[in-house]
Each structure stands twice: as structure tokens, then as C-alpha cells.
Amino acid sequence: MSKRAAIKYKYVSPEVVAKGAGKSDVIPLLQKVQVANGFVPEEAIHEISGLTGAAESDIFSVVTFYKQFRLKAPGKYLIKVCDGTACHVNDSMLLLDVIRDDLKLDDVTDTTDDGLFTVETVACLGCCSIGPVLFLNDDVHGKLTAQSVRKLLKEYQRKARN
Ligand code: FES
């Protein structure tokens, strides 16, 4: 039995498995897994390796190299702080410090212990005129200050409790 046939595919669709895929399909496959799950589970790396013939270590390197991929599930609320030029000059990184400080995240942690918030920085979110900007899941928040960001975090913490 081939390696491909021996794998039980959970993250790669049956259509893709039936059609087959090569090494050049690794990134598009990872992108699909990332979008569908919010992260790339280890099992998905195993599946993609089996299907494409790419080494698991190479796929792991791709996942850790590109910021668009996550290896761990994000928190319930994913905060994307824009660090594009317009937001940066409007102190977006100070806001990031406020958020990380309020959520008690150390330098190497991006998700709160209770799994409620994940914080990351992203490039321009396309709404520079209301910078500094962040996305909280699908909601955009602009013209932020330290005070309004703290208020926003409290609002979502309250929401999560109810
Ligand atoms: S630079 Fe932040 S939205 Fe464009």
C-alpha cells in the first residue's frame, strides 16, 4: 500500500486527494488548512507530506517561516494590530504594548492562558485613514487610543463571561 493510500485524510479534501498533489501545492494546501481551522495542526502537515511527497520537516519550515500560518489554535478572540506605515506613525506599537500588558502576555506568548485572546501584528489592513487600527475577529476598530483599547478589551472579557 502506498504512503498516500495509508493516510486517513482529515484536513485535505477528498477531491484534492483523488486528484493528487505535488510539492508545488504545499503552500496552497497549507493556506486552505489555515483558513479552515485557524491554524495548521501537526496532523495536517503529516497529511500534506504524504500527499505531496514533501518532507514533513520542510513543510514545518514553511509553516514557521510565513507569518500567515499558525501552529497552535488561536484564542476565541484574534486581535490583529496593524503595523503598516500609517498605523505605525500613529503609535500602533504603543497600543500593542498596552494590549500585551493588559492581557499579561510575555515576550514569547501570543495567547492568553484562558485561551480567550491571541494577539498578533499584521501589515496594512487597508483602512489607513482611521489608524491606528486593529481587527478583533472580523470587526475593525480605528482611531484607537490606549484608553479605548483597554475599554475594548474589557468589553470582550465581559462578553466572554456572559
Ligand atoms: S497602515 Fe494600518 S490600515 Fe493601513
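Helices and strands are runs assigned by DSSP, with at least four residues (H or I) for a helix and at least two (E) for a strand, numbered from the N terminus. By that numbering, valine 133 sits in the loop between β2 and β3 (134–136). The model is a predicted one.

**Helix α3 and its partners**

- Helix α3 (residues 26–37) and helix α4 (residues 42–52) have axes that come within 11 Å and cross at roughly 150°. Angles over 145 degrees count as roughly antiparallel, so α3 is roughly antiparallel to α4.
- The crossing of α3 with α4 is right-handed.
- On the α3 side of this contact are Val26, Leu29, Leu30 and Val33, and on the α4 side are Ala44, Ile48 and Thr52. These residues divide into 6 nonpolar, 1 polar and no charged.
- Helix α5 (residues 56–65) packs against α3 at an angle of about 60°, with the two axes 11 Å apart. That angle makes α3 oblique to α5.
- The crossing of α3 with α5 is right-handed.
- Val26, Ile27 and Leu30 of α3 meet Ile59, Val62 and Val63 of α5. The residues of this contact comprise 6 nonpolar, no polar and no charged.

- Four strands form an open sheet with mixed pairing, in the order β2-β1-β3-β4.
- Its edge strands, each pairing on one side only, are β2 (117–122) and β4 (139–141).
- On average, neighbouring strands of the sheet are turned by 20° against each other, direction ignored.
- Strand β1 (residues 77–82) pairs with β2 in the parallel sense, over 6 bridges. Lysine 80 stands opposite glutamate 120 in β2.
- Helix α7 (residues 92–102) packs on the sheet and touches β1 and β2. The direction of α7 makes about 155° with that of β1.

**Valine 133**

- Valine 133 has 26 other C-beta atoms within 10 Å. A residue with 20 or more counts as buried, so valine 133 is buried.
- Leaving aside residues up to four places away in sequence, valine 133 touches Cys82, Cys87, Leu125, Cys127, Val140, His141 and Gly142.
- Valine 133 and lysine 80 are 53 residues apart in sequence, while their C-alpha atoms are 8.6 Å apart in space.

**Backbone features in loops**

- The peptide bond from glycine 131 to proline 132 is cis, with omega near 0°. Proline 132 is placed in the loop between β2 and β3.
- Aspartate 91 is a residue other than glycine with a positive phi, near 70°. Aspartate 91 belongs to the loop between α6 (85–88) and α7.
- Aspartate 91 counts as partly exposed because it has 16 C-beta neighbours inside 10 Å.
- Lysine 143 is not a glycine, yet its phi is positive, at about 50°. Lysine 143 lies in the loop between β4 and α8 (146–161).
- Lysine 143 counts as exposed because it has 11 C-beta neighbours inside 10 Å; the cut-off for exposed is 12 or fewer.

How values were computed: Residues are numbered from 1 along each chain as its sequence is written. This is a predicted model: local features need pLDDT of at least 70, side-chain atom pairs count only at pLDDT 80 or more; totals for chains, interfaces and linings use all residues. Axes are lines fitted to C-alpha atoms, for helices over the stretch in contact, and angles run from 0 to 180 degrees between N-to-C directions. Angles under 35 degrees count as roughly parallel, over 145 as roughly antiparallel, 65 to 115 as roughly perpendicular and the rest as oblique. A crossing is left-handed if the near helix is turned anticlockwise from the far one by less than a right angle, and right-handed if clockwise. Two residues are in contact if their C-beta atoms, placed from the backbone, lie within 7 Å. Ala, Val, Leu, Ile, Met, Phe, Trp, Tyr, Cys and Pro count as nonpolar, Asp, Glu, Lys and Arg as charged, and the others, Gly among them, as polar. Two strands pair if DSSP finds at least two bridges between them.
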